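Work through the following exercises with the sequence and the 3D structure at hand. Try each task before reading its solution.

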Amino acid sequence: MSAPIVIDAKGHIQGRLAAAVAKQLLKGRKIVVVRAEEIVLNGKHKFTVHTYERFLNKTTNSNPRDGPFHQRAPREIFARAVRGMLPYKTHRGAEAFENLKVFEGVPAKYVTYKRVVIPHALRCVSIHTDRPTTKLGELSTTMGWKYGKVVADLEAKRKAESAKYYEAKKAAQDKKAAAIEKANKQLGAQAVKFLETFSE
């Protein structure tokens, strides 16, 4: 089973990122999107809220339980955006959508995975710096999502542990480099050059 592609969604425009993810899903790839609360929406916060409030007012007159169903968590909002770009009512689209996983923050399972970005979907590439934007987590909190602080606390804890791991790894690399340099001095330049011929 192939390893999933883990995308760090921080600083990405929602629509552009959703389009890129949908395209890869239709190719049969498994995609995991982390830090969904850091996805960016174009426009001022108050106008984004008004737009989403209009969506919340859409219901089925005869029986509201038939839908549409209104998501408030960032991962669910983004997953719905991706679903809208897939033929999800067909077998192919439904199968592709099952290969998508979206999370707020970075779950422990995916901490050690290499995280990638989608360059053309980044805010710094797509939108002028003067343009107002809103984070998906801020919109969700305004709309009633209650776990923003929990996710922020867990992310702070993860970053602290990652920084500690990085410092330990860097110290080990520096120690190894110093040991190699010391050994090379003891061997002499001619011996080092001879040994390098075997490593090529």
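Helices (H or I, at least four residues) and strands (E, at least two residues) are DSSP runs, numbered from the N terminus. The model is predicted: local features need pLDDT of at least 70, side-chain atom pairs count only at pLDDT 80 or more, and totals for chains, interfaces and linings use all residues. Residues are numbered from 1 along each chain as its sequence is written, and side-chain values use heavy atoms, with hydrogens and water left out.

**Exercise 1**

Task: Find the element that holds Phe 194 and decide whether this residue is buried or exposed.

Solution: 
- Step 1. Phe 194 is part of helix H8, which covers residues 189-199.
- Step 2. Apply the cut-offs: buried is under 20% relative accessible area, exposed is over 50%, and partly exposed is in between (1.4 Å probe, protein chains only).
- Step 3. Phe 194 has a relative accessibility of 52%, so it counts as exposed.

**Exercise 2**

Solution: 
- Step 1. Patches are made of residues with over 30% relative accessible area and no salt bridge; like charges are joined within 9 Å, nonpolar side chains (Val, Leu, Ile, Met, Phe, Trp, Tyr) within 5 Å.
- Step 2. The members are Leu 187, Phe 194, Leu 195 and Phe 198, and together they have about 460 Å² of accessible area. Such areas come from the Shrake-Rupley method with a 1.4 Å probe; for residues, only the protein chains shown count as cover.
- Step 3. Helix H8 gives the most, with three residues.

**Exercise 3**

Task: How many salt bridges does the structure hold, and what does Arg 75 pair with?

Solution: 
- Step 1. A salt bridge is a side-chain nitrogen of Lys or Arg within 4 Å of a carboxyl oxygen of Asp or Glu.
- Step 2. There are seven salt bridges in the structure.
- Step 3. One partner of Arg 75 is Glu 76, at 3.8 Å from N to O.
- Step 4. Arg 75 also forms a salt bridge with Glu 104, where the closest N and O atoms are 3.3 Å apart. This pair links distant parts of the chain, 29 residues apart: Arg 75 is in helix H3 (residues 74-83), and Glu 104 is in the loop between strand E4 (100-102) and E5.
- Step 5. Arg 75 is partly exposed at 35% relative accessibility, whereas Glu 104 is buried at 17%.
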